[in-house]
Amino acid sequence: MRGLPIAIAALALFIWPSAAARPSREAAPLARVGAFYFDGWSGTLGNFHWGGLLATQFSNRRPLSGWTDDRPEAVEAQLRWAHADGIGFFAFDWYYNPDPGNGPINMAHDTYLKLHDHDGVGFALNYVNQPGFVIPPDQWATVAEKWATGDFLNPDYVRIDGKPVLIILDEHGFNLQMGGAVGVNAAIATLQEAAKRHGLPGVFVVGGRYLDWTSATCFPNCLDTDGNFPNEHYDAITEFSYPYILEPRDGPRPYSDVAAAIKRTWDVIAQRSPFPNIPSIMAGFDPRPMILAGQVQPPDQGGWPLLNGHQTWFETTPADVGGLASDAVAWVQAHPAMRVEPAPAAPIVLIQSWNELQEGAILVPTEKDGYAYGQAIAQAVGIPWTAPPKHTLSVASSPRGTVKSTPSGIACPTTCRAGFDEGLEITLTARPKRGFVLDGWTGCTPDDASCSLVLVADSRARPVLTRARQQRAVSIQLARHLVARGHVRVLDGYSGCAAYEPIRIQWRRRGGWTTIGSTQTNQAGAYSLRVRSRSGPYRARAPRTSSGAHTCLTATSKSIASR
């Protein structure tokens, strides 16, 4: 979702995974709630997705699990938080054939599939059909088959009426891409056939619509394709994102005005929609980081994230978002014709979004708001929110240096154990004493002098501190046909002083030792070199070199005589 606005990610909910897969909870939520998940927080922080977020006034939007989610522990932590918040599943934004320039995309979805335990949080796909990610019509059947086998059959995939849910965002663009209502219905039929071939009853297809301040008067006939809209074979619709729900103007807008406009639009939808509707709310809108980073489209391409040329944002609090979530549940209960599942099934509600960090629609716990937004959602759906448990991080003590943690807690060797909230990203920084060098870490992901880990269980980490001056030993043997063989062995622990190191084979004559051949060791520190036959002693010598911050000291083997 970025550059274009690659889908202003949202939250969506549809159905809980099976009770057997869900951790126990004292009370069931009043509604089924889920979160659209922007799946672009992988790779290096130089990617444009982090534009305006790093080292700015918006840096406090950093999730407590860290800026990236390309570690399994980061996804696992977010699943646990979401479950505590009463969120039933993530709807992963899914991008077709993403260009490498977008950075790693769809990675959190892929990580989710590899996890054995989803902590009671299911998943669905939100097909983002923005320019650059459109599935060509001739590839639709192939992708439908991939979805059916790779996602829909997963026991934790979200279902309504037994059917896996697919969100298409947006239905207007899909109409244009598929050549009108006939093409849309053919694509949906292909999707249904793919699911049925694999024993599923079909697919529950949800069309996402963007709404604005005029929608309350024109819905459902606001766009040039809307004449066909009632004839398209969607099972339900949802409104997605509300940046334009108020007529744009410069400056901040109170969330109360946003909420009132959203609720007016829901009432119009209840009167006029040709399909059931899943109401959606926003967790906020504040794209100023994108503007700060200069990520503004040209006016002829829409000018996003400026709204009709205006820089605006919503002033939002957790209580605002929780209140509108409660209103969404009440709306579903008051409009049974709009339900996608009849009572006594719980209402289904969407929230935008879990992790739109640049655009300011955020539920994931952050440095700025902590767990406040999740607590507000839990309260809205009537469940007791439980604080994350603490896990212990232990750091191996070493007389060769010190280690400190961010956030504070570890100051080893004085304090080498500390408890931290589950899901928190901990950064450890080592400071070697004089004469020693940090060569890496075990138990955490290294980054120069530091390493980091996301705590989802009690964990241990150890800095690898070695002497700056590495003593070595070198051996030599003379095999048949005068092949000199041997190894370089490091005595002080740094293997870099053994790998790919120069070796000189020397022969003693009356005037002293003369080099008669040179080679280098392999990665394991071994070498082999054919030499000419001479009478007298031979030896191997590894000259002094540098490797990283280390000095690899000269080593000389014992001399041996040729046979």
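Modeller: Gladly, and one definition comes ahead of the tour: two strands pair if DSSP finds at least two bridges between them. Helices (H or I, at least four residues) and strands (E, at least two) are DSSP runs, numbered from the N terminus. This is a predicted model, where local features need pLDDT of at least 70, side-chain atom pairs count only at pLDDT 80 or more, and totals for chains, interfaces and linings use all residues. Residues are numbered from 1 along each chain as its sequence is written, and side-chain values use heavy atoms, with hydrogens and water left out.

Colleague: How many bridges join S21 to strand S22?

Modeller: Strand S22 covers residues 450-454 and runs antiparallel to S21. Within this pairing, Thr445 stands opposite Ser452 in S22. The number of bridges joining S21 to S22 is three.

Colleague: Which strands stand at the edges of that open sheet?

Modeller: The open sheet has five strands in the order S17-S16-S19-S22-S21, with antiparallel pairing. An edge strand has a single partner strand, so one side of it is left without a neighbour in the sheet. The two at the edges are strand S17 (411-412) and strand S21 (445-447).

Colleague: How many disulfides are there?

Modeller: A disulfide is a covalent bond between the sulfur atoms of two cysteines. Here the rule is a pair of cysteine sulfur atoms within 2.5 Å. With the bonded cysteines of the protein chain numbered in sequence order, the pairing reads 1-2, 3-4, 5-6, 7-8. By this rule the count is four.

Colleague: Is the disulfide of Cys412 and Cys416 right-handed or left-handed?

Modeller: The sulfur atoms of Cys412 and Cys416 are 1.9 Å apart, and both residues are buried (under 20% relative accessible area; exposed is over 50%, partly exposed in between, with a 1.4 Å probe and protein chains only). The torsion about their S-S bond is about 85°, so this disulfide is right-handed.

Colleague: And what is the torsion about the S-S bond of Cys444 and Cys451?

Modeller: Cys444 and Cys451 are joined with an S to S distance of 1.9 Å, and both are buried. Their link is left-handed, with a torsion about the S-S bond of -85°.

Colleague: How many residues apart are Cys497 and Cys552?

Modeller: The disulfide joining Cys497 to Cys552 has S to S 2.0 Å, and with -75° about the S-S bond it is left-handed. The pair links distant parts of the chain, with Cys497 in the loop between strand S27 (483-490) and strand S28 (502-509), and Cys552 in strand S33 (residues 550-552).

Colleague: Is Ala124 buried or exposed?

Modeller: Ala124 has its place in strand S3 (residues 122-128). Not counting residues up to four places away in sequence, Ala124 touches Phe89, Phe90, Ala91, Phe92, Tyr157, Val158 and Val165, where contact means heavy atoms within 4.5 Å. With a relative accessible area of 0%, Ala124 is buried.
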